[in-house]
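I opened my notebook to look up a few things in this structure. Here is what I wrote down, entry by entry.

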Amino acid sequence: MKTFLRISSAVVLLSNTLQPAFSTEMKTAIGPGEGQVDIVAWAGYMERGDTDKTYDWVTGFEKETGCKVNVKTAATSDEMVTLMNQGGFDLVTASGDASLRLIAGGKVQPVNVGLIKTWSGVDMRLQNAPWHTVGGVHYGTPYQWGPNVLMYNTKTFGGKAPESWEVVFKEMMLPDGKSNKGRVQAYDGPIYIADAALYLKSARPDLGIKDPYALTEDQYKAAIELLKGQRSLVGRYWHDATVQTDDFKNEGVVASGSWPYQVNLLEADKQPIASTIPKEGATGWADTTMMHVNAAHPNCAYMWMQHSLTPKVQGDVAAWFGSVPAVPAACKGNALLGDSGCATNGFDNFQKISFWRTPVAKCETGTCVPYSRWVSDYIAVMGGQ
């Protein structure tokens with residue numbers, strides 16, 4: 001017999017605000033596993049040793065629970081939202097620019113963290129984070145977090161890290177004596193507008209930008225104009241991590257916003273690659289494991305969420321992806337991450353990161369440009385319009 005606790009707190013993400021919307025039910029007990037769990041995840045988040053036998057946090061879970069893990073890799077937050085809207089999945093590792101949309105759309109269900117034995121170990125900075133907690137109700141469990149770093153070719157930059165995001169936004173001669181035109185990349189996602197806004201926050205203080213996700217019309221227009229100017233520099237708008245690593249290896253790309261995951265892959269391949277967080281700071285992601293409202297395998301889903309928050313899994317994922325664990329205990333005693341791994345990956349940079357968040361029209365400064373505009377305008381930018 002299934003047991004549930006009724007929850008009425010939820011939100012609708014309208015063009016102007018967040019409003020209460022629907023009632024749903026939250027499990028009060030975990031039953032026997034259903035034999036499988038279907039997960040939408042970022043590349044590198046669900047490793048079973050296929051790439052490197054050392055990195056495998058899936059096989060043991062399957063043997064222990066009898067829940068086979070099926071993974072669909074998504075390249076962008078918009079793709080994750082689309083897949084969850086279509087249904088057929090139990091879990092998704094959603095970033096902050098997708099999580100509230102999923103909650104608002106009624107596509108994910110409240111999670112009873114009291115059923116997850118490993119919950120108490122979650123970083124206090126993340127336990128009630130606004131990208132997965134609404135009205136005191138949790139709609140998921142934290143997974144990993146980190147910055148969108150500036151990845152660069154060390155030979156091109158003479159072994160010295162670029163100090164500013166300007167190297168990807170403005171045409172210039174690089175230290176190797178060649179222009180950056182055609183040698184930089186930008187992210188293929190509307191949320192990248194926030195990267196432009198974050199750069200302008202420092203470069204154009206007259207705009208008065210305080211929050212790169214809450215932009216007035218004038219601030220937003222400046223960001224779009226910057227991105228239109230960047231269009232002539234960009235060789236490719238990337239969304240596939242593997243394609244980006246190939247571009248840095250074989251296509252002459254020398255600088256781009258990226259994830260630590262790609263940096264790690266290229267460094268492991270002995271490529272002349274490093275990363276930095278420039279003086280303007282960085283956008284970033286704090287990912288949440290969220291359960292579909294119509295999950296076909298909720299018991300296996302809860303078992304996975306519990307497994308995902310064990311220190312061993314958290315440390316292994318962080319070591320592989322170059323991210324920061326959601327469980328601080330993972331920072332010590334993990335053979336793959338090492339005792340300095342959390343510091344290296346940015347554990348102390350939490351306050352320096354502007355975490356991805358879905359823009360809405362009703363903001364603290366009054367009226368801001370909503371995400372629907374970000375989507376249509378960024379498509380136009382990439383199309384050269």
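**Entry 1: the largest pocket**

I began with the largest pocket of this predicted model, and I found 35 residues in its lining. Nearest its centre I noted Asp-211, Tyr-213, Ala-214, Arg-357 and Glu-364. Then I looked up which elements give two or more residues to this lining, and I listed strand S8 (133-134), helix H6 (193-203), strand S18 (353-355) and strand S19 (362-363). Which element gives the largest share of the lining? I found that S18 does, with three residues. For the volume of the largest pocket I wrote down about 730 Å³. I also sorted its lining by class and got 17 nonpolar, ten polar and eight charged residues.

**Entry 2: the second largest pocket**

Next I turned to the second largest pocket, which holds about 390 Å³ of space. It is lined by 21 residues, and closest to its centre I found Pro-260, Ser-275, Gly-322, Thr-344 and Asn-345. The elements that give two or more residues to this lining are helix H9 (260-268), strand S15, helix H11 (311-321) and helix H12 (341-345). How many residues of each class line the second largest pocket? I noted eleven nonpolar, nine polar and one charged.

I wanted to know more about H11 and H9, both of which give residues to the lining of the second largest pocket.

Is H11 mostly covered or mostly uncovered? I found it mostly covered, with nine of its eleven residues buried. The buried ones run through Val-313, Gln-314, Gly-315, Asp-316, Val-317, Ala-318, Ala-319, Trp-320 and Phe-321. I then looked for what covers these residues, and my list includes strand S10 (141-147), H9, strand S16 (282-291), helix H10 (298-308), strand S17 (324-325) and H12. Just after H11 comes Gly-322, and I noted its positive phi of about 85°.

In H9 I found Pro-260, Tyr-261, Gln-262, Val-263 and Leu-266 buried.

**Entry 3: a sheet of five strands**

Last, I looked up a sheet. It is open, has five strands with mixed pairing, and I read their order as S13-S12-S14-S11-S15. Which strands are at the edges? They are S13 (234-238) and S15 (273-276), and each pairs on one side only. I also noted that neighbouring strands are turned by 30° against each other on average, direction ignored. A reminder to myself: strands of a sheet pair through backbone hydrogen bonds, either parallel or antiparallel.

I then followed S12 (residues 184-187) to its partners. It runs parallel to S14 (residues 255-258), and two bridges join them. Here I found Gln-185 opposite Ser-256. S12 also runs parallel to S13, with four bridges between them, and there Tyr-187 stands opposite Trp-238.

Which way do the residues of S12 point? I saw Val-184 and Ala-186 point one way, and Gln-185 and Tyr-187 the other way. All four of these are buried.

How values were computed: Residues numbered from 1 in each chain as written. Predicted model: local features only at pLDDT ≥ 70, side-chain atom pairs only at ≥ 80, totals over all residues. Heavy atoms only, no water. Pairing = 2+ DSSP bridges. Axes fitted to C-alpha atoms, helices over the stretch in contact; angles between N-to-C directions. 1 Å grid on protein atoms, 1.4 Å probe; cavity = no way out; pocket = protein on both sides within 12 Å on 5 of 7 lines; lining within 4 Å. Points joined across faces, edges and corners; volume = space filled by probe spheres on them. Nonpolar A, V, L, I, M, F, W, Y, C, P; charged D, E, K, R; others polar. Buried < 20%, exposed > 50% of the residue type's maximum accessible area, 1.4 Å probe, protein only. Contact = heavy atoms within 4.5 Å.
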